Amino acid sequence: MGYRGAGGPPPPRKGNFGGRPKPLHYFSEKVKGKSGPEAKILRPFKIFAGKQDIPIVALDHGSDPYSCYIHAFALKGSLDNMVVCPSPGEDDPPCPVCIALNKRAFWNGVLSIIDRSKWSPTEGKNAGKVYTDTRKLALIGSKSGPSYEELGRKVKSWHGYCFDVSRPEPAVGEDGKKDWTGSPKIGLWFPVRTMSREELKTEFEKAAVGYGMPVEEFIEPANYDLIFKPKSLDQLKAIAKDIAADLSAVKAAQAAQDRDGDGGGDDGDGVGAAAGDDDSSAISY
Ligand SMILES: [Zn+2]
């Protein structure tokens with residue numbers, strides 16, 4: 001691709017696949033051969049608006065999704081930072097992160113899935129490798145909650161249910177504003193078929209080995225009580241301090257930019273981040 005003029009090509013995007021540095025705070029699960037509890041990041045499953053037929057397999061038993069309150073925030077240039085809020089109720093005293101963000105945590109329904117989409121990094125040491133079958137968390141927003149509850153009732157048990165996921169483009173209102181209500185980040189799930197436990201085991205044996213987990217565990221939902229265990233008050237205070245410092249840095253940069261009048265601009269693609277951000281939780285073939 002060529003660009004005329006002094007602007008040249010778009011500036012390179014920094015960091016990992018998708019141009020985003022790894023989040024500083026995330027949910028993770030323990031796997032064999034890796035020390036510490038933070039061995040594998042459980043990424044949130046998201047697809048771009050307009051994408052169609054991304055195959056996934058749900059893992060939760062029964063029809064009811066798990067739920068918890070999560071703070072999601074950008075920090076030091078990284079998106080998708082996530083922390084469980086230990087005091088979600090409106091009447092609970094806000095946690096340090098609530099205070100730093102000046103925002104209460106959002107309710108999230110949670111399902112564990114295996115993302116079967118394939119992707120390859122275009123640059124870096126793993127360029128050209130194909131990644132697929134990644135364990136992820138589908139975080140359901142409160143607006144989409146009822147439709148996923150209904151879907152859960154329809155499929156009876158999520159475990160082993162295969163879906164094709166598509167995400168419509170947002171509706172555009174008369175005022176020209178995009179309305180994302182009908183286009184959740186996790187897309188719309190169309191049930192395709194179920195896989196038996198034996199099928200799941202056969203299908204994901206290789207992926208499980210690559211991930212470092214016995215296949216019997218790989219086809220099970222994440223251990224929510226463990227991965228969503230709230231951090232200690234001291235840990236939350238430290239995170240809140242980082243957020244406060246970062247917010248003031250952002251504000252100072254913004255003020256300087258306004259003063260200097262160099263509008264510039266980002267393409268602001270925060271809403272529809274890609275599925276499969278980096279290779280840390282993926283399996284390579
Ligand atoms: Zn909070």
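# Strand β9 and its surroundings

User: Over how many bridges do strand β7 (residues 106-115) and β9 pair?

Analyst: Residues are numbered from 1 along each chain as its sequence is written. This is a predicted model, in which local features need pLDDT of at least 70, side-chain atom pairs count only at pLDDT 80 or more, and totals for chains, interfaces and linings use all residues. Strands (DSSP runs of E, at least two residues) and helices (H or I, at least four) are numbered from the N terminus, and two strands pair if DSSP finds at least two bridges between them. β7 and β9 pair in the antiparallel sense, and the number of bridges is seven.

User: Which residue of β9 is the bridge partner of Ile 113?

Analyst: Ile 113 is also among the residues with the most contacts inside the largest nonpolar core. Its bridge partner in β9 is Lys 136.

User: Which residue of β9 stands opposite Pro 44?

Analyst: Strand β3 (residues 43-44) runs parallel to β9 and is joined to it by two bridges. Opposite Pro 44 stands Leu 137.

User: Is β9 largely enclosed by the rest of the structure or exposed, and how many of its residues are buried?

Analyst: A residue is buried if 20 or more other C-beta atoms, placed from the backbone, lie within 10 Å of its own, exposed if 12 or fewer, and partly exposed in between. Thr 134, Lys 136, Ala 138 and Ile 140 cover one side of β9, and Arg 135, Leu 137 and Leu 139 the other, all of them buried. β9 (residues 134-140) is therefore largely enclosed, the count of buried residues being seven of the seven.

User: How many residues are in the largest nonpolar core?

Analyst: A nonpolar core is a set of buried Ala, Val, Leu, Ile, Met, Phe, Trp, Tyr and Cys residues joined through C-beta atoms within 7 Å. Ala 58 and Ala 138 are among the residues with the most contacts inside the largest one. Its number of residues is 51.

User: What is the mean pLDDT of the protein?

Analyst: pLDDT is the predictor's confidence in each residue, from 0 to 100. It reaches 70 or more for 82% of the residues, and the mean is 83.
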